[in-house]
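Visitor: I would like to learn how to read the features of this model. Please take them one at a time.

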Amino acid sequence: MSAWVGVAASSGSRGYGSLSMAEQHQKQNEMRQLVEQAVAQAFQAQIPQLQTQLVQQVLHALPAPANVAAAAGGGDSSSLVHAVSNIHAGSTQKEILRALLDSGSGYCSRIALFVVKAGAASGWQARGFGDDESVKDFSLDLNAGPVAHTYQNRVATPGNIAEMGRRFVEQFSGPANEQVLVLPLTLKEKVAALVYADGGDSGKLESSALELLVIATSAWLEVVSLRKQAAARDDVSMTSRAEAAPPPPPPVQTVSSFSDPFAAHAPKHVPASVPTPAEPAAEVVETTSHASAAATAAAADPWAGMSPEDADIHRKAQRFARLLVDEIKLYNQAKVAEGRRHKDLYDRLKEDIDKSRGTFHKRYGNTAAASADYFHNELVRSLAEDDPSIMGANFHR
């Protein structure tokens with residue numbers, strides 16, 4: 001630019017000799033205006049990139065935010081742990097992604113998820129935009145500023161709202177401070193979705209917490225996918241073996257042929273005699289066999305007699321209770337050891353237990369799983385190692 005200005009100025013000055021002073025002055029003013037206009041246009045085109053670079057440099061220079069520092073030190077980590085637990089309580093992709101948006105909305109004012117498929121990023125759901133479906137069918141420009149950088153490099157990228165593209169700004173407007181964050185949700189080392197977040201009118205945008213939640217979501221989606229693949233392989237393998245095996249011979253209802261699932265358990269009292277007629281003996285064995293099969297099925301699936309919807313709620317409630325209790329154990333290992341030794345575990349962990357109990361009942365207290373009280377049972381099973389006395393005299397449901 002400076003070289004161009006020098007050439008323009010020198011070329012203009014060579015023609016000034018034949019002009020009057022007033023005409024020379026006017027010519028210089030015209031040249032100055034042309035140069036200023038060219039510089040302004042070039043600078044305007046570089047503003048978004050300069051703003052992004054400046055924001056990144058300032059963020060690197062600033063100390064860690066208070067909430068992130070506290071979380072790293074274990075001070076206020078419970079909210080983040082609860083957020084991750086909520087994500088891990090999901091068993092389907094839809095449940096997990098909704099939990100990510102619900103949890104993420106606690107660390108920003110607006111958050112939206114865009115699914116990447118066939119080279120396009122289409123809106124799925126949002127929080128804080130006034131309507132959870134407001135981004136549906138809106139496509140992000142994968143060549144726009146932070147979106148392109150996140151998609152190509154698989155890293156969280158801060159930016160300015162202007163870099164999101166004119167269509168995005170016209171559709172959703174922008175945050176008060178104009179700062180946005182785009183995060184990659186990766187599956188199998190590919191960007192499966194992009195998460196957009198900004199501070200809205202309040203300016204609330206906690207980048208580190210949002211990155212943690214997106215990473216936790218990516219990991220959990222991978223785990224759920226692998227579990228489903230393993231289950232499908234097992235089903236196929238069992239079906240193949242069943243089809244390949246010859247049909248079993250018809251069962252013979254005799255005492256010796258009955259497979260007792262409790263054969264290893266020797267009863268203390270054995271009857272003095274057993275029925276000798278063939279028909280009654282077979283009837284007793286058959287009845288016992290059906291009862292034992294039903295008991296085995298019930299032990300394998302305690303919710304076998306429920307509707308699919310209620311059984312699913314019970315499974316999720318039990319899994320969520322285990323996550324909450326595991327969290328208590330993880331962050332209070334010393335107190336757990338002392339409490340078990342002195343049999344006053346509840347007194348030492350009262351605040352954490354009551355808080356987690358409240359979280360559990362808030363989610364499942366009005367569902368079909370409320371009567372089972374999985375959280376209480378998990379406290380006794382996991383924390384107290386199946387010995388309720390370890391919880392102490394003040395422990396209650």
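Visitor: Which strands does helix α5 lie across, and at what angle does α5 run to β2?

Guide: Some background comes before the answer. This is a predicted model, in which local features need pLDDT of at least 70, side-chain atom pairs count only at pLDDT 80 or more, and totals for chains, interfaces and linings use all residues. Residues are numbered from 1 along each chain as its sequence is written, and side-chain values use heavy atoms, with hydrogens and water left out. Helices (H or I, at least four residues) and strands (E, at least two) are DSSP runs, numbered from the N terminus. Axes are lines fitted to C-alpha atoms, for helices over the stretch in contact, and angles run from 0 to 180 degrees between N-to-C directions. Contact means heavy atoms within 4.5 Å. Here helix α5 (residues 93-104) lies across β1, β2, β5 (179-187) and β6 (190-198), and runs at about 60 degrees to β2. Helix α6 (residues 145-153) lies across β1, β3, β4, β5 and β6, at about 25 degrees to β5.

Visitor: How many helices and strands does the chain have? In what order do the strands of the sheet stand?

Guide: Strands of a sheet pair through backbone hydrogen bonds, either parallel or antiparallel. Two strands are taken to pair if DSSP finds at least two bridges between them. The chain has 13 helices and six strands. The open sheet of six strands has the order β3-β2-β1-β6-β5-β4, and the pairing is antiparallel. β3 (139-140) and β4 (157-160) are at the edges with a single partner strand each, so one side of each has no neighbour in the sheet.

Visitor: How many bridges join β1 to β2, and how many join β1 to β6?

Guide: Strand β1 (residues 110-117) is joined to strand β2 (residues 120-127) by seven bridges, with Lys117 opposite Ala120 in β2. Two residues lie between the strands of this hairpin, where Ala118 takes a positive phi near 55 degrees. Six bridges join β1 to β6, again in the antiparallel sense. In β6, Val115 has Ala193 as its bridge partner, and Ile111 has Ala197.

Visitor: How many bridges pair β5 with β6?

Guide: β5 and β6 pair over eight bridges, antiparallel. Val182 stands opposite Tyr196 in β6. The hairpin of β5 and β6 has two residues between the strands, and Lys188 takes a positive phi near 55 degrees there.

Visitor: How many residues of β1 are buried, and how many of β6?

Guide: Buried means under 20% relative accessible area, exposed over 50%, and partly exposed in between (1.4 Å probe, protein chains only). Six of the eight residues of β1 are buried, so β1 is largely enclosed by the rest of the structure. Seven of the nine residues of β6 are buried, so β6 is largely enclosed as well. Of the 397 residues of the chain, 31% count as buried.

Visitor: Which residues have the most contacts inside the largest nonpolar core?

Guide: In soluble globular proteins, nonpolar side chains tend to be buried together. A nonpolar core is a set of buried Ala, Val, Leu, Ile, Met, Phe, Trp, Tyr and Cys residues joined through side-chain atoms within 4.5 Å. The largest core has 27 residues, and those with the most contacts inside it are Leu100, Leu113, Leu185, Val195, Leu210 and Leu213. The elements that give it two or more residues are α4, α5, β1, β5, β6 and α8 (207-244). α8 gives the most, with eight residues. A second, separate core of 26 residues includes Ala89, Val336, Ala384 and Phe395.

Visitor: Which residues make the contact between α4 and α12?

Guide: The axes of helix α4 (residues 78-88) and helix α12 (residues 345-364) come within 13 Å and cross at roughly 35 degrees. The contact is made by Ser78, His82 and Asn86 of α4 with Lys355, Ser356, Thr359 and Arg363 of α12.

Visitor: Is Ser85 buried or exposed?

Guide: Ser85 is found in helix α4 and counts as buried, at 6% relative accessibility. Leaving aside neighbours within four places in sequence, Ser85 is in contact with Phe320, Leu323 and Glu327.
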